[in-house]
Amino acid sequence: MANGLDEMNAPAMEQGRDANVIAKQIPVKVGWGSKFFDIFIWILPLPLIGGIIWLFVKINAAKYLRQLEQRINTNASEIDNYLEQRVMILSNAARLLDKAIDLDKDTMTQIAAYRGGNTPGGEGDALRNDIAAKMETVGNQISVAFERYPDLKAHNEIADALQQNAYLQREITAARTVYNDSITQWNTSIQEWPAKMIVAAKQGYTTRIPFITTQEIKDKARGVFF
């Protein structure tokens, strides 16, 4: 039998193909076979013992999914903690540079609202990504101003702020990796048949969307830096 993927003779996509995250939540669904299994196990020989064992299996599956959901929420909160610290640092740096750079007032207003715990426009990963993208823009503006005005390089507070900003960006990246790992674990677990998948379907669970970077960041990653 020939290889299904023949790298020697199959056509290659010379133009390449970019990878994108599909922002779609897929509900967990089970067919009639799973529903029949969920009932049939109670009418097997020794039905009481088999049914009780199956009941405890589903209880443990539900417990596992609830705990995993809390872990995802904790990992998301860790990202928020770093984002909040970065907001404070960029806000302070912006104030120090207020005479040298004209920042987007609406952007700074939204960032300040996020810092105060007032998340405009709703909550969740979509807002978290939006705020992170706005902070990237502000951070880039501050860096440009810092390079444009050589005298600012002697300002210790600004230099410290930029150093802390770079550190927090690394921490945010690491926290997003942990978050995506837990999202992958969730998306895999809710598809594990029979117990977890049946429980997930009954609870109306869906897959979760991992962190998605902005198109602006993707475009910059393709640019020339040196």
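**View 1. Ring pairs link Phe37, Trp54 and Trp193 into a cluster.** This is a predicted model, so please read each close-up with that in mind. One of the pairs here joins Phe37 and Trp193: their ring centres are 5.2 Å apart and their planes meet at 50 degrees, so the pair is tilted. Phe37 belongs to helix α1, while Trp193 sits in the loop between α5 and α6, so this pair ties together parts that are 156 residues apart in sequence. How exposed are the two partners? Phe37 has a relative accessible area of 27%, which makes Phe37 partly exposed. Trp193 is partly exposed too, at 47% relative accessibility.

**View 2. Phe36 and Phe40 form a stacked pair.** By the ring-pairing rule, the count comes to 4 aromatic pairs. In the pair shown here, the ring centres lie 5.2 Å apart and the planes are at 20 degrees; planes under 30 degrees apart count as stacked, so Phe36 and Phe40 qualify. Both residues are in helix α1, which covers residues 32–40, and because they are 4 residues apart, about one helical turn separates them. Phe36 is partly exposed, with a relative accessible area of 47%, and Phe40 is partly exposed as well, at 33%.

**View 3. The largest nonpolar core holds 30 residues.** Start with Leu65, Ile72, Tyr179, Trp186, Ile190 and Ala200, the members that touch the most other members of the core. Helices α2 (47–96), α5 (156–189) and α6 (195–203) each supply at least two residues of this core. The biggest share comes from α2, with 12 residues. As background, nonpolar side chains in soluble globular proteins tend to be buried together.

View 4. Zooming in on one core member, we find Trp186 among the residues that touch the most other members.

**View 5. Lys196 lies over the face of Tyr64.** Lys196 is placed at 4.9 Å from the centre of the Tyr64 ring.

Notes: Residues are numbered from 1 along each chain as its sequence is written. This is a predicted model: local features need pLDDT of at least 70, side-chain atom pairs count only at pLDDT 80 or more; totals for chains, interfaces and linings use all residues. Side-chain values use heavy atoms; hydrogens and water are left out. A nonpolar core is a set of buried Ala, Val, Leu, Ile, Met, Phe, Trp, Tyr and Cys residues joined through side-chain atoms within 4.5 Å. Buried means under 20% relative accessible area, exposed over 50%, partly exposed in between (1.4 Å probe, protein chains only). Rings of Phe, Tyr and Trp (its six-membered ring) pair if their centres lie within 6.5 Å; planes under 30 degrees apart count as stacked, over 60 as edge-to-face and the rest as tilted. A charge sits over a ring if NZ of Lys or CZ of Arg is within 6 Å of the ring centre and within 35 degrees of the ring normal.
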